[in-house]
Amino acid sequence: MFENTIVERVRPLAQAFSDGGLTRLRVRDGDFEVEFRRAPAAVSGAVADARPAGEPAPARPVDAILADVVGVMRFLRPAVGEGMTLDGDRELAYVETLGIRNPVRSRGPGRVAMIYVTDGQPVEYGQPLFAIER
Amino acid sequence: MFRKVLIANRGEIALRINRACHELGVATVAIFSEADRGSLHVRHADEAFCVGAGPVASSYLNIANIISTGLICGADAIHPGYGFLAENARFAEIARDHGLTFIGPEPSVIAAMGDKATARRIMDESGVPTTPGSGILANPAEAAAFAAQIGYPVLLKATAGGGGKGMRAVESEAELAAAFATATAEAEASFKDGRLYAEKLIRSPRHIEVQVLGDQYGDVVHLGERDCSVQKPSHQKLIEETPAAALDPAVRDRLHDIAVTAARAVKYTNAGTLEFLVDGPNVYFMEMNTRIQVEHPVTEMVYGVDLVKEQIRIAAGERLGFTQSDLQPHGCAIEVRVNAEDPDNNFAPAAGTLGRVEFPGGPGVRVDTHVYSGTVVPPFYDSLLAKIIVTGRTRESAIMRMERALAETHIDGVKTTVEFCREIMRDERFARAGVGVDWLPNYLANRVPTPA
């Protein structure tokens, strides 16, 4: 088994799952097993929903909000905090790319379950920034 | 010298650049798409940033994300490799505007040479011979008028072109309208520039190109020629070698002289290649590639010069460390492109996961590759998996060595060009040297595919 299973095997499968618009995908290959399920209301949660087979689904679907550009993370003032409830599609922060402000939005209401980045941190494409519980 | 170089490419050439940087003591930043996360070029770089999804428009052509990566990482230069943004003058300009040195020629030179019709005009004015050709053709009627004037067959070519895209041979006026439409569409799709020009089609010329290096102080040298006549029906190169065998020494000298004259005429800096059609004693300038080329290793092997390091040194403002008389070639080198393609099915590209991968070794063998057992070959990019380069004191010994090296090569999981190229190494006509560009297409047309 490769040292980095996520990189080598899960990512391409997650991509295929996401691109294919599938709702459920299970792959078994020797001792390697992974299952993807799309949460009913998820907009972009393919990666976040990946978990080992057999583990129960979380009570509430969680969307990972990923960076769609490369740049520097900039929080708003006041900054969004973990546990904060969002009443709609809110701007959570922005990613600055070559002086251009690329808003990061919550894509609907929910609760900020996790903040993965800090203000001023460089982020790459596809990097998880926030987890929003719906 | 630079402190940190951003490598704006993928695959074997990204790894090649990474090696050159590390040997110069320069730190590297790799970029990659989501489809290339497991690639060796990512693993060997000092830092790596994902810049987009698999499709090239999202990642390897995403100028904003690439430049942004350079700024975030504190890179002071960008090496574009070949393909993607390597001949994009706008990219070179944007990089410079953000304080990143573009490792290549001046943007204005990239633009002039990148527009094939402009390049031909400049070469004409510098006394470099070109095939009889038209300017930009507005419509099939203009193409027909040009063809009537110089006679069929003619070759329609995309002015933004390269790699055989947007190129069509037209044998008669009856074929012209349809060929014009497909070439325009192909050029539009490949380069976002559908403009075409036409040239007199030289039947079965040899494709011979000359490598040049120019520094920022006006010194220009050539590093001999490469014979790239073994091309697929799509005009893509498959096997390259240096020196060009069975070539009149006077023609060889003339090619070298023309290349240096032309490079001086456009005040060329960095590494570049001038491509020529050679038809007996006649040589015609075709185009200039303002970048490192896929087949650069054969030149490196016989001249003992690291072209990628030279590119970096030149961009950093260093002088060429040698003169023309210092550059003496030794022996012969051949390169085979190992592509994920099916030679029995018109070289259709294949994607998939590689099984067992074994590359050759031993004396006189070099392998440039980014793949290994288990590599996922994504469907988004060109199908090059590896380049196998061999040297020999003579062409004959190099061919024997390549045959041996290909016999040691195993790639499971996708169809490749390995066995087919091995077959070519055993071919009696190839052994006699001097084939033209129509040789391989004719060979394929008369070939019985190997049983699966």
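The model is predicted: local features need pLDDT of at least 70, side-chain atom pairs count only at pLDDT 80 or more, and totals for chains, interfaces and linings use all residues. Residues are numbered from 1 along each chain as its sequence is written, while chains are lettered from A and ligands numbered from 1 in the order in which they are written.

Start with chain A. Its secondary structure comes to 1 helix and 10 strands. Helices (H or I, at least four residues) and strands (E, at least two) are DSSP runs, numbered from the N terminus. Along the sequence, the pattern is α-β-β-β-β-β-β-β-β-β-β. Chain A has 134 residues, and 28% of them count as buried. A residue is buried if 20 or more other C-beta atoms lie within 10 Å of its own, exposed if 12 or fewer, and partly exposed in between; the C-beta atoms are placed from the backbone. Take the contacts in chain A with a separation of 6 or more: 45% of them join residues 24 or more positions apart. Contact means that two C-beta atoms, placed from the backbone, lie within 7 Å.

Now the open sheet. In chain A, 4 strands line up as β3-β10-β8-β5, with antiparallel pairing. At its edges are β3 (62–66) and β5 (85–86) of chain A, each pairing on one side only. Two strands pair if DSSP finds at least two bridges between them. Strand β3(A) is joined to β10(A) (residues 128–133) by 5 bridges, and the two run antiparallel. Here Ala64(A) sits opposite Ala131(A).

Next comes β4(A), residues 71–75. It pairs with β9(A) (residues 122–123) over 2 bridges, in the antiparallel sense. Gly71(A) faces Val123(A) in that pair. Strand β4(A) is also joined to β6(A) (residues 91–97), by 4 antiparallel bridges. There, Met73(A) has Val95(A) as its bridge partner.

Turn to chain B and helix α4(B), residues 89–97. Its buried residues include Phe91(B), Ala92(B) and Ile94(B). What do the buried residues of α4(B) pack against? Their partners in chain B are α3 (63–73), β4 (77–79), β5 (101–102) and α5 (107–114). Just after the helix, Gly99(B) takes a positive phi of about 80°.

Helix α11(B), residues 307–315, is mostly covered, with 8 of its 9 residues buried. Just after α11(B), Gly317(B) takes a positive phi of about 95°.
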